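Hello,

Here is the structure I promised to pass on.

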Amino acid sequence: MKVDPVKQAPVPALSGDDLLALVPSIAEYANLRVNNLANIPSSYMGPEQWVELQKSVVEALDQAEVTGVIVSHGTDTLEETAWFLDLTVSSRKPVVLIGAQRNASDPDFDGPRNLLNAVKVCVSPQAQDLGAMVVLNNQINAARDVVKTQTANVEAFQSGTFGWLGEVWDDGVVISRLPARRQFLPITTSLPRVDIVSMYGGADGAMIHAAVAAGAKGIVIQGLGLGNVNREVYGAVVEAISNGVCLVMSTRVQQGRARPLYGFTGGGKTLAEAGVIFADDLSPQKARILLMLALASITDARQIQRLFDR
């Protein structure tokens, strides 16, 4: 992004070549080839764009001389794109996603540093078999765990309970832990529609009914606490399941797992008994991506639950 003089606001501006030109020291580490696949706000990213990006990433990684791939991406949906690539790219080579919290018109633009750090990670022997990573502010995050936690601060991306995979220093890359819960789901067909519905005090089932009417094959509930809803939403959930829609329960709480514990109507145990799948520690937006990929080839709820338990 750069500030447009007419609009007086940041808009997509820099190409990959422009960004690369800002960091001439990259040549000390690697030879980068630029593929300007798109130049759009990350709020425009979705399943169609993810599939196109995944195809380009796989094609690049299949070339013997390519050590890794860097994806320059807006921060709004960065964690979703990273998770999609982590699930659908089977290469041992690193895929590193970067962004910038400050636009290129700011005097302390953080894009160049993040790009240089991404290169250092890509060429590090320690980066093999780590899947897709998000590298900002010298911190290396696993795609499954990372979430944007701050709207503007450069230290926005964090990995909750489990922390970063490692850090980038001026003298090299330090990896302190490995991502243990990785899995691969091939893209076999077009991705079905999956919506996210929020639970909040006083919610009814209207949004679930609307999602079903819109053709959703799956719905992720952003539930309360461990994964609970009220009576009204519970009734809509049961009706949706009876109509063949797959329901997954996540939580609006930032850390911890969604699991079926409580026995009141709408509590997690009653939802599981009705056929709801529980998302474990995946955020609603990441649970949606896993459910889309699962529903493309699986219909059995028990098999889908096993994917979320992995």
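Arg182 counts as partly exposed because its relative accessibility is 29%; the classes here are buried for under 20% relative accessible area, exposed for over 50%, and partly exposed in between, with a 1.4 Å probe and protein chains only. Arg182 forms a salt bridge with Asp86, and their closest N and O atoms are 3.1 Å apart. Since Arg182 lies in the loop between β10 (172-175) and β11 while Asp86 sits in helix α3, the pair ties together parts that are 96 residues apart in sequence. Asp86, at 4% relative accessibility, counts as buried.

A word on the source: this is a predicted model, in which local features need pLDDT of at least 70 and side-chain atom pairs count only at pLDDT 80 or more, while totals for chains, interfaces and linings use all residues. Residues are numbered from 1 along each chain as its sequence is written, and side-chain values use heavy atoms, with hydrogens and water left out.

Back to the charged pairs. Side chains of opposite charge can pair when their charged atoms come close. The rule used for a salt bridge is a side-chain nitrogen of Lys or Arg within 4 Å of a carboxyl oxygen of Asp or Glu, and by this rule the count comes to 13. Among them is the one between Arg92 and Asp129, with the closest N and O atoms 2.8 Å apart. That pair links distant parts of the chain, with Arg92 in the loop between α3 and β4 (95-98) and Asp129 in the loop between α4 (111-122) and β5 (132-136), 37 residues apart. Asp129 is partly exposed, because its relative accessible area is 39%.

Arg193 and Asp195 also meet in a salt bridge through their side chains, at 3.0 Å from N to O. Arg193 has a relative accessible area of 42%, so it is partly exposed, whereas Asp195 counts as buried at 16% relative accessibility. There is a network of salt bridges too, linking Arg144, Arg181, Arg257, Asp280 and Asp281.

Next, the strands. Helices (H or I, at least four residues) and strands (E, at least two) are DSSP runs, numbered from the N terminus; two strands pair if DSSP finds at least two bridges between them. Strand β12 (residues 218-223) is mostly covered, with 5 of its 6 residues buried. Strand β11 (residues 194-198) runs parallel to β12 and is joined to it by 5 bridges, with Val197 opposite Ile221. Strand β13 (residues 246-251) also pairs with β12 in the parallel sense, over 6 bridges, and here Gln222 stands opposite Ser250.

Which helix makes a β-α-β unit with β11 and β12? The helix is α5 (residues 206-213), and the unit is right-handed, meaning that with the strands pointing away from the viewer, the path from the first strand over the helix to the second runs clockwise. Helix α6 (residues 231-242) makes a right-handed β-α-β unit with β12 and β13.

Finally, the rings. The structure holds 2 aromatic pairs, where rings of Phe, Tyr and Trp (its six-membered ring) pair if their centres lie within 6.5 Å, and planes under 30 degrees apart count as stacked, over 60 as edge-to-face and the rest as tilted. Trp50 and Phe84 are stacked, at 5.5 Å centre to centre and 25° between the planes. This pair links helix α2 (residues 47-61), which holds Trp50, with helix α3 (residues 78-88), which holds Phe84, 34 residues apart. Both Trp50 and Phe84 are buried. Tyr262 and Phe264 form a tilted pair, at 6.0 Å centre to centre and 35° between the planes. Tyr262 counts as partly exposed at 40% relative accessibility, and Phe264 is partly exposed with a relative accessible area of 43%.

Best wishes
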